[in-house]
Amino acid sequence: MKLVVFFSPDSRHRVFAGSGSSAQLCEHIARTGVTKVLVVTDKPLRELGVVDQATAALAGTAVDVAYYDGVLPDPTFDQVAEGAALARSHGSEAVLAIGGGSSMDAAKIIAASATSDMAPADWVGFGKVRHEVLPIYAVPTTSGTGSEATIGAVISDATTHQKGIISGGTLLPLAAALDPDLITGLPPHITAATGMDALTHGIEAYIGSWERGSRSEDSRLAIKLIFDNLATACRDGDNRDARNAMAMAAYYAGMAINQVNVGNVHAIAHQLGGKYGIPHGLANSLVLPHVLEFSREETATRLAELAQLIGIGSPGDSSDALSRQFIEAVLALREEVGIAGTSDKLKKKDFADIALAAIKEGATYPVPRLLDRESVDRILDRIAA
């Protein structure tokens, strides 16, 4: 996979950032000459008026807009099929995702499905979407997944609830808008969970075994911004400086994992989401400190660097001491933003299946230490209420 990634062609990508950037993106889409755009989103965002706010700049242009608002958390292949059918009947020439990771992931595969007769389930894996897809644009309304900056999408099977990861250069949005004006109404608990999701991305990219591109710089930028701004964004949702910082943090973290992928936290968290419906950010935040401890010996130097980055520790502290202090800082941030360390959804009878699936998935990532059955069981015991 590493060899394939290195020889993959570069993809075009533009970003509009700051207050009003969603209008700039819409103006950009209109300038490209497309006349029909499918907006992929969810019903709550449409009802709240967020979608209308994000697409206001398309009003009065020659662009005809259709809406698919059937996206739910952990989008399924069935939802993708519905969206693709609408894109075909509408004659959509581009797809604009407005929402969190679920909407952006669904939009990517809808854009691919609209121009292919293949079953999207056959694309699970890397580089299997080889045909030309509809141009993809993204306006994230949470600061977490970073899907606006990645080539991946996670789609679930509605029957088995198994999550499939589809990735490839054709799925990278051509342009995105990081508009804090659309995020100010995000409730504190969602702000917290999505922020911890972005933190997980930054940390996993930084401690992974691949050294590629700007992953270290992007990860550090994301992690510092999150430690400096997540608690403020949770306390004061109208603080545009904090919201803008979190939008940038999620984007930097997305760029980092786009270069080197994720790790063992996701390998376990994906199983928790598929099995119990635990939202992805919460699943990551449950698992993160335990996985960091699991691989602390292998990543002590890197974790020590992150401790120094966020300003903890004392001069002369060893890497061992600093790595422990960084994990404690992660725990403290999680507590400060109101996320519990356990979940009553986990069932002991499921641990064997979860562990096997997590070990299998983790082996596909550039992790510093491979998961094993005993360690996964121990982690699951610690996060089960």
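**Exercise 1.** In this predicted model, determine in which hand α7 passes α13, and classify the angle at which the two helices pack.

*Solution.*
Step 1. The crossing of α7 past α13 is right-handed.
Step 2. Helix α7 spans residues 188–207 and helix α13 spans residues 319–336; they pack at an angle of about 165°, and their axes lie 12 Å apart.
Step 3. Angles over 145 degrees count as roughly antiparallel, so α7 is roughly antiparallel to α13.

**Exercise 2.** Identify the residues that make the contact between α7 and α13, and sort them by class.

*Solution.*
Step 1. Helix α7 contributes Met 196, Leu 199 and Ile 203.
Step 2. From α13 come Phe 326, Val 330, Leu 333 and Arg 334.
Step 3. By class, the contact of α7 with α13 comprises six nonpolar, no polar and one charged residues.

**Exercise 3.** Describe how the axes of α10 and α11 are arranged, and state the hand of their crossing.

*Solution.*
Step 1. The axes of helix α10 (residues 264–276) and helix α11 (residues 280–294) come within 8 Å and cross at roughly 140°.
Step 2. Roughly antiparallel requires an angle over 145 degrees, and roughly perpendicular one of 65 to 115; α10 is therefore oblique to α11.
Step 3. The passage of α10 past α11 is a right-handed crossing.

**Exercise 4.** List the residues in contact between α10 and α11, and give their classes.

*Solution.*
Step 1. On α10, the contact is made by Asn 264, Val 265, His 266, Ile 268, Ala 269, His 270 and Leu 272.
Step 2. On α11, the partners are His 280, Ala 283, Asn 284, Val 287, Leu 288, Val 291 and Phe 294.
Step 3. This contact of α10 with α11 has nine nonpolar and five polar residues, with no charged residues.

Note on methods:
Residues numbered from 1 in each chain as written. Predicted model: local features only at pLDDT ≥ 70, side-chain atom pairs only at ≥ 80, totals over all residues. Heavy atoms only, no water. Axes fitted to C-alpha atoms, helices over the stretch in contact; angles between N-to-C directions. Helix = DSSP H or I, 4+ residues; strand = E, 2+ residues; numbered from the N terminus. Parallel < 35°, antiparallel > 145°, perpendicular 65-115°, else oblique. Left-handed = near helix turned anticlockwise from the far one by under 90°. Contact = heavy atoms within 4.5 Å. Nonpolar A, V, L, I, M, F, W, Y, C, P; charged D, E, K, R; others polar.
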